[in-house]
Every structure is written in structure tokens, then in C-alpha cells.
Amino acid sequence: MAERPLDEKTVTTLVAEATAAPSMHNAQPWRFRHLSGERVLQLRADPERAMPRSDPDNRALHIGCGAALLNLRVAAAHADLAPETTLLPEPDDPLLLAAVRLPGPVGGVRDEELARLHPAIRQRHTSRHPFAEKDIPEDVRTTLQEAAAREGATLAFPGPWHAETVLDLVRDAESRDIMDPDADQDLVRWTRLGAEADTAVDGVPEYAFGPRRRDGKAPVRDFSGRRPVADRGTTAFEYTPHLALLSTRGEGPADWLRAGQALERVLLEATRADLATSLTSHALEDRELRLLARDPASGIGQVQMVLRLGYGPRGPATPRRPVRDVLEFT
């Protein structure tokens, strides 16, 4: 007997949870199309939300969409569905990034490994605040590494010398931006100041900027750029930031989508472990710097994201577009 189509309320809920994912500058570069007769949700890239200067090859766009895809799979498992995902199903349609078929659970059993991550979807927020100078337990690190591996990626915790190299690359990227008056075009487009922050449905609002860094070594991007922000203080950040490097073996659209899924799975596991998290792709926006971020011992793999982990405030929720603006029923 053919399965009955999913009702619109269920599909809307799945997409709402998918779109809670992080994306570069919170641009939310995704669209969804539900093929009701096939019980399939398509994930499509939204080229109007691309960043040609900061992300010329759409690497970060794919990573953000991959993170939304992982959330969709988690939400589906929570709803007692068994998502079957195909990446890049139509080579002639590069904007179609994934197709997710949503049958009922195989043998009546849902994927508990995915479903247990569901509460963390709404709890996860990017934190641009200082973290405590406190070690992350080894068992937590192992859990995060296993989460990345489940999605075909590698999570490494760089040693002191490698971590300092990565921090140098971040500072190098910041210096390049200072020298280039047009470098902040994408940042200005996707930040929301003043009254605009209260009504925004995308971008990074000023209340999520966090304080300015007075000292410390934490790689935290200053989203205010050269613009003043009222009532924003300065404070000291950690001197020994806990960094993790998320890598894939290859470098291409499918690898970037896998990286996004691995990234979000790591972030959800970190949230479950009461860790605060933030991301930096600043040093990875330039391919030359991205190659330098690799493990100097192995020299293999492609670093796709630098994570900062620690114990501290989780940060505020950032705005999301209404589901009706990103979901189409056919």
C-alpha cells in the first residue's frame, strides 16, 4: 500500500527546525520544495543570498545548507520518519543540493541517534562572548569527534603550535580586511544595526555581536566593523581558546554539504554537553590561507571550519525567516 502524503503542518515543522541552522552571516541561503506525491523535500540553494566577495565559490553557502540538512534529518527522526538523503541528485541542476525522502521508520524503529539531538536544535546559539579558561573533558572531545565521523568528516583538536598557527591566520585575514576598503561589503550587507535589529528576519543583529575584545586570543569576528554600536562594552577573552578544526577529505560541493552536516552534528552534541560554541571562517575565506590551516604533520584534508568551544554564555537566538518565505508546496 502506498504511503499517504505528509500533511502540511508536519512539513512546515520540519522546515522550521531545519532553518534554525547556522549559516555565514546568518544569510540563510536555502529554499525548500515539498513534492507531496513523493514524500520528498528538496533542499535548494538561494543564489540571491550568496556572497560573491567573501564566498566566491559558494563553499560557505553549501556548508550552511548542509547544516540545515542535518537539522532536517534530526527533526524527521524525532517525528518518527526515516529520512533517506541524496546529495546533488541532479547534476544539471546545481541549485538542487539534496533530496530527502521521508518514509515512516524502517521496521517501526526510528533513528534514536539522530532523534536524541532534537532538543539541542533550538538550544544551540552562536556565542561571541568570553569563555572560561577551563579544559574540555576528553570524553566530550571524543563524542564530538565521533559526531563528525558519522557524517564523513574529521574533527581535530590542534596542539598549541598548530592552534597558534590558526590564530595567526585569523589575524592575517583581519589585517587583509583592514587594508582593503571594500572587504566588508558582505559583512555590512548582512549586519543589522539600531531599529533594524529589532525587526530583522536574517543577518546578524547588533545584540548578537557580543562585546569588543580588549585582550585575549579568542578568534571572534567583530561584526560592527568600522561602525559605532551604542552601549557595546569591551572585555577580556580567553588567552587559551579551545579550537577544533573540521575537515573533509575532498574539496567540492558534495564535500561542503557533508562538512555542513558534520558541523551541525558536532554543534548539537556540544550543546548537549553544555558547551558554548562559535564559528570562524574568516581565515578560510581565502583558499591560500585555507590550505595553511591544515594539520602540519599530515598535510592532508581540507579544513572547512574553525570551531571555538568552551564554557560560557550560549549567546542570544538570531532571527529567522518565516517558513512561508522559504518553503514551496508542489
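I count two strands as paired if DSSP finds at least two bridges between them. The model is predicted, and I went through it with that in mind.

I looked up the strand order and got 5-10-12-11, an open sheet of 4 strands with antiparallel pairing. Strand 5 (154–156) and strand 11 (276–280) are the edge strands, each pairing on one side only. From one strand to the next, I get a twist that averages 30 degrees.

Next I checked strand 10 (residues 242–248) against strand 12 (residues 302–310): they run antiparallel, joined by 7 bridges. I picked out Leu 246 there, and its bridge partner in strand 12 is Met 305.

Which helix lies across these strands? I find helix 9 (residues 253–272) lying across strand 5, strand 10, strand 11 and strand 12, at about 10 degrees to strand 12.

**Rings**

I searched the whole structure for aromatic pairs and came away with 1. The pair is Phe 209 with Phe 223, stacked, 6.2 Å centre to centre and 25 degrees between the planes. Phe 209 sits in the loop between strand 7 (204–205) and strand 8 (212–215), and Phe 223 in the loop between strand 8 and strand 9 (234–236), so the pair ties together parts 14 residues apart in sequence.

**Charges over rings**

I noted Arg 308 over the face of Phe 131, 3.7 Å from the ring centre. Lys 134 lies over the face of Tyr 311, at 4.3 Å from the ring centre.

How values were computed: Residues are numbered from 1 along each chain as its sequence is written. This is a predicted model: local features need pLDDT of at least 70, side-chain atom pairs count only at pLDDT 80 or more; totals for chains, interfaces and linings use all residues. Side-chain values use heavy atoms; hydrogens and water are left out. Helices (H or I, at least four residues) and strands (E, at least two) are DSSP runs, numbered from the N terminus. Axes are lines fitted to C-alpha atoms, for helices over the stretch in contact, and angles run from 0 to 180 degrees between N-to-C directions. Contact means heavy atoms within 4.5 Å. Rings of Phe, Tyr and Trp (its six-membered ring) pair if their centres lie within 6.5 Å; planes under 30 degrees apart count as stacked, over 60 as edge-to-face and the rest as tilted. A charge sits over a ring if NZ of Lys or CZ of Arg is within 6 Å of the ring centre and within 35 degrees of the ring normal.
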